[in-house]
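I opened my notebook today to look up a few things in a structure. Come and read along with me.

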Amino acid sequence: MLSTPPNGRIRQSYSLLNGTPDLGSNSTPASTTGSEYGAIEFTREDVEALLTEKMRCKSKFNYKERCENMSDYIRRLRLCIKWFLELETEYAYEQEKLRNALELTERRCDEIEMTLRNKDEELNLVILELRKSLASVQEKLGKEESEKLAAMDALAEEKEARITIEKTQASLSEELGKVQGELDGANQRIASVNDMYKLLQEYNSSLQFYNSKLQADLDMVNEAIKQGEKEKASMIENLGNLRGQCASLQEQLTLSKASQDEAMKQKDALVNEVASLRIELQQVKDDRDHQQQEKQHLTAEIAKTKELANTSNDLEAKCLSQKNQIQILHDQLAVAERKLQVSDISALENRAEFEAQKKLISELQECLDDAEFKLIEGEKLRKKLHNTILELKGNIRVFCRVRPFLSDDISSNQWKFLSYPSSVESLGRAIDLTQNGQRHSFTFDKVFMPEESQEDVFVEISQLVQSALDGYKVCIFAYGQTGSGKTYTMMGRPGQREEKGLIPRSLEQIFQTKQALQPQGWKYEMQVSMLEIYNENIRDLLATNQDASRTENGSAGKQYAIKHDANGNTHVSDLTIVDVQTTREVSYLLDRAARSRSVGKTQVNEQSSRSHFVFTMRISGINETTDQQVQGVLNLIDLAGSERLSKSGSTGDRLKETQAINRSLSSLADVIFALARKEDHVPFRNSKLTYLLQPCLGGDSKTLMFVNISPEFSSVGESLCSLRFAARVNACEIGTPRRQSNIRAESGRFSYG
């Protein structure tokens with residue numbers, strides 16, 4: 001059954017000692033040096049073969065050989081469980097490594113984002129410098145226009161000196177031609193500068209759009225990372241957190257859309273600004289052309305004046321200064337182009353690094369999802385192996401449930417005397433209770449905290465309910481003090497679908513499975529009965545005449561006898577048995593029984609159950625194809641709550657009820673203690689409750705006990721007693737469950753066993 005993996009890799013196994021300390025999330029797997037079993041790995045086929053293995057012995061009366069085979073089988077199961085615990089620790093270690101890598105990647109993404117922001121600020125500074133240069137050029141052109149107007153005024157005064165200027169006309173004409181050529185070159189340079197400015201504006205707008213796109217991609221990656229983290233947290237927590245995360249993701253999507261719309265608006269504003277700058281540049285060109293025309297007109301008139309030479313010299317000096325300014329602008333433009341090239345190269349590098357980080361994040365996320373899936377599958381297989389060992393040992397399974405909070409419990413804020421260990425081995429299975437500064441620790445098969453729903457509780461017992469359809473005897477009963485939520489667990493809250501109890505949910509599952517098995521040739525017949533044990537008297541809750549089964553004025557009503565047959569079945573004489581076909585029929589019978597059940601008011605609970613309620617469904621199935629028959633029994637029991645007279649304040653009839661309840665629960669405790677000590681005589685006959693539950697406690701039934709405790713601080717003493725009793729119950733061995741198949745019913749009388 002045990003094998004070494006084909007690739008030659010040997011997994012390290014846990015030590016089989018129960019006292020082995022927990023491994024931390026950053027620790028390496030334990031060494032196998034000195035281990036009793038060495039380094040062993042299980043394959044899926046090995047585990048399935050181990051679960052389906054049947055005991056083989058030469059003689060069915062050779063109990064020694066059967067015990068040795070059973071001990072060896074249990075040893076291998078324990079070894080398999082230890083191996084799965086080691087595998088679970090390795091997955092936790094790998095998950096921690098992936099989480100650290102994810103944090104490092106997030107820090108790198110933040111650094112890239114900061115670098116992009118710095119580059120954006122540098123580009124904005126360059127644009128501001130270019131705009132300032134354009135404004136200074138426009139200011140100088142305005143000054144030139146004012147000086148030209150002053151020259152025109154001076155020209156009117158100089159007309160009288162035209163005769164003296166004619167001698168120097170030829171030289172001035174030559175100089176004017178040179179100046180005109182230089183002016184044309186300056187105009188061409190200005191045009192080229194304007195074209196370069198247009199290209200720079202377009203490139204700047206494209207770069208801004210590219211930066212906004214990079215920022216949007218980075219935001220999307222950050223949102224994806226946050227979404228992955230939230231999904232991981234939601235898998236560990238519950239379905240309610242998933243819905244909350246979905247709502248938050250929708251809000252983030254809305255915010256991202258709003259930011260995208262804002263970015264588009266900014267882009268439109270920049271486009272409008274570029275258009276306005278182009279219009280202003282066109283106006284400057286028109287003004288320049290107009291000034292050139294005026295210059296030509298002035299040149300024709302200056303040729304006739306004497307002092308036109310001085311004006312030409314001034315113009316030449318101004319043209320030289322403009323040439324210098326144009327050269328400065330060329331230098332600034334070259335610097336800006338170099339900065340843009342460096343920024344473009346840096347942006348490409350950042351984008352490449354960003355894509356690599358994005359790919360790495362997706363790979364890490366896939367590894368994380370795979371590790372979580374393996375962890376969940378390992379936990380499912382661990383539960384299956386654990387249940388198999390419990391069935392082989394014959395122990396009574398015990399689930400602990402802390403009652404959900406009421407308004408008074410929350411306002412008192414005194415429920416912190418209960419705590420739940422969160423280690424790998426104790427998570428969901430342990431509970432600590434503190435009384436007078438002393439901590440008491442208990443470990444059960446499952447512990448339900450107050451915030452866990454009825455659906456969460458039913459999921460854990462659904463497979464046990466399924467066993468009744470497979471031909472097993474199943475018994476589930478709720479134990480606890482008054483007001484601890486036993487009836488709420490078993491029956492739920494009437495009229496609220498989400499808070500249905502275990503009994504309604506079990507019936508729904510049974511009838512749904514019945515419909516699903518019909519195509520395979522299975523047909524089932526189901527019978528239901530309900531009774532209560534009130535003051536050590538059995539009452540039929542489905543009887544037509546309820547008064548006949550009640551005790552009035554101290555005289556007993558109709559008497560019901562409990563009998564056990566040789567096959568381990570239990571019968572209650574003259575009990576009403578009803579054939580049912582649908583869930584609605586059973587729900588009607590449950591409502592009818594609830595109205596007939598004994599309920600009273602005490603100082604502890606306004607609606608306290610004053611009797612033990614027993615719901616029984618007998619299931620008979622036959623497969624017409626294979627002629628296989630199965631007979632299963634499902635017993636769901638809501639025990640009355642134990643209470644102290646000093647707290648309940650019971651008097652009169654309530655006092656008699658309390659005494660009868662405490663006596664029957666005390667008899668149940670005596671039976672449990674006798675089973676735990678493996679005594680020869682077990683006092684099942686001390687009360688009708690224990691005599692009725694004899695097949696469940698001492699036979700071949702699959703039995704589960706819910707121990708219900710109250711979160712109120714005033715009930716800490718009763719809660720501690722209930723937890724101690726549950727621990728004793730969990731240690732009892734009642735025998736291996738046996739499937740009832742190929743046995744035909746010879747009597748129509750109802751069986752409880």
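**First look**

I started with the secondary structure: the protein chain comes to 16 helices and 16 strands. Both are DSSP runs numbered from the N terminus, with helices being H or I of at least four residues and strands being E of at least two.

I noted that this is a predicted model, where local features need pLDDT of at least 70, side-chain atom pairs count only at pLDDT 80 or more, and totals for chains, interfaces and linings use all residues. Residues are numbered from 1 along each chain as its sequence is written, and side-chain values use heavy atoms, with hydrogens and water left out.

**The whole chain**

I looked up burial next: of the 753 residues in the protein chain, 41% are buried. Buried means under 20% relative accessible area, exposed over 50%, and partly exposed in between, with a 1.4 Å probe and protein chains only.

I also checked contacts (heavy atoms within 4.5 Å). Among those between residues at least 6 apart in sequence, 74% join residues at least 24 apart.

**Strand β7**

Then I turned to β7, residues 522-534. Is this strand mostly covered or mostly uncovered? I found it mostly covered, with ten of its 13 residues buried.

Which strands does β7 pair with? Two strands pair if DSSP finds at least two bridges between them. I found these partners:

- With β14 (residues 612-623), β7 pairs in the antiparallel sense over twelve bridges, and serine 529 has threonine 616 as its bridge partner there.
- With β11 (residues 578-580), the pairing is antiparallel over three bridges, and glutamine 527 stands opposite aspartate 579.
- With β8 (residues 537-540), the pairing is antiparallel over four bridges, and isoleucine 533 has isoleucine 538 as its bridge partner.

I followed the hairpin of β7 and β8 too: two residues lie between the strands, and asparagine 535 takes a positive phi near 55 degrees.

**Two packed helices**

My last entry is on α10 (residues 502-517) and α11 (residues 583-596), which pack at an angle of about 160 degrees with their axes 10 Å apart. The axes are lines fitted to C-alpha atoms, for helices over the stretch in contact, and angles run from 0 to 180 degrees between N-to-C directions. The two helices are therefore roughly antiparallel to each other, a label for angles over 145 degrees.

Which residues meet here? I listed Ile503, Leu507, Glu508 and Phe511 in α10, which meet Thr583, Val586 and Leu590 in α11.

Definitions and conventions
Angles under 35 degrees count as roughly parallel, over 145 as roughly antiparallel, 65 to 115 as roughly perpendicular and the rest as oblique.
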